[in-house]
Amino acid sequence: MEDMWAQYKALVDGVKITTLVVLIAIDLLLGIIIAIKEKTFKFSKLANFFNTSILGMVGGYFLVGGLCLVHPEFDYLVVGAWGLIDVGLLGMIWNKLSKLGLPIPKIV
């Protein structure tokens, strides 16, 4: 059992989880700043953000890690899921930066 846990940690931990946490924190802070700026901040919206956005992304990532533990031939899916989640978070951050009025090119 400990060997499986070590394999799982090696698969999903490290730089991947660090970047997920950092991007989620940036997205959360930008969302709070925008809500305060627009005077629409409510703690219930904060809880809803964790329930919808974060739980789906992080839960899905760890679920893919568990699947890859059972079927090691799919270990590339962990990197793929991590990359897709990172791109999605970067897109949400990009969108929030433009809501703050920063001059963001519309091409991207």
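## Gly101 and its place

Gly101 sits in the segment after helix 4, which spans residues 76-99. The model is predicted. Is Gly101 buried or exposed? Gly101 is exposed, because its relative accessible area is 57% and exposed means over 50%.

How far apart are Gly101 and Gly66? In sequence, 35 residues separate Gly101 from Gly66. In space, their C-alpha atoms are 41 Å apart.

## A nonpolar surface patch

Which residues form the nonpolar patch on the surface? They are Leu67, Phe74, Tyr76 and Leu77. Together they have about 350 Å² of accessible area.

One of these residues, Tyr76, belongs to helix 4. Tyr76 has a relative accessible area of 51%. The cut-off for exposed is over 50%, so Tyr76 counts as exposed.

## Helix 2 against helix 3

Helix 2 covers residues 15-37, and helix 3 covers residues 43-70. The two pack at an angle of about 165°. Their axes are 12 Å apart.

Why are helix 2 and helix 3 called roughly antiparallel? Angles over 145 degrees count as roughly antiparallel, and the angle here is about 165°. Helix 2 and helix 3 are therefore roughly antiparallel to each other. Their crossing is right-handed.

## Helix 3 against helix 4

Helix 3 also packs with helix 4, at an angle of about 165°. The axes of helix 3 and helix 4 are 8 Å apart. That angle makes helix 3 roughly antiparallel to helix 4. What is the hand of the crossing of helix 3 and helix 4? This crossing is left-handed, whereas the crossing of helix 2 and helix 3 is right-handed.

Conventions:
Residues numbered from 1 in each chain as written. Predicted model: local features only at pLDDT ≥ 70, side-chain atom pairs only at ≥ 80, totals over all residues. Heavy atoms only, no water. Helix = DSSP H or I, 4+ residues; strand = E, 2+ residues; numbered from the N terminus. Buried < 20%, exposed > 50% of the residue type's maximum accessible area, 1.4 Å probe, protein only. Patch = residues over 30% accessible without salt bridge, like charges linked within 9 Å, V, L, I, M, F, W, Y side chains within 5 Å. Areas by Shrake-Rupley, 256 points an atom, 1.4 Å probe, with all protein chains shown as cover. Salt bridge = Lys/Arg side-chain N within 4 Å of Asp/Glu carboxyl O. Axes fitted to C-alpha atoms, helices over the stretch in contact; angles between N-to-C directions. Parallel < 35°, antiparallel > 145°, perpendicular 65-115°, else oblique. Left-handed = near helix turned anticlockwise from the far one by under 90°.
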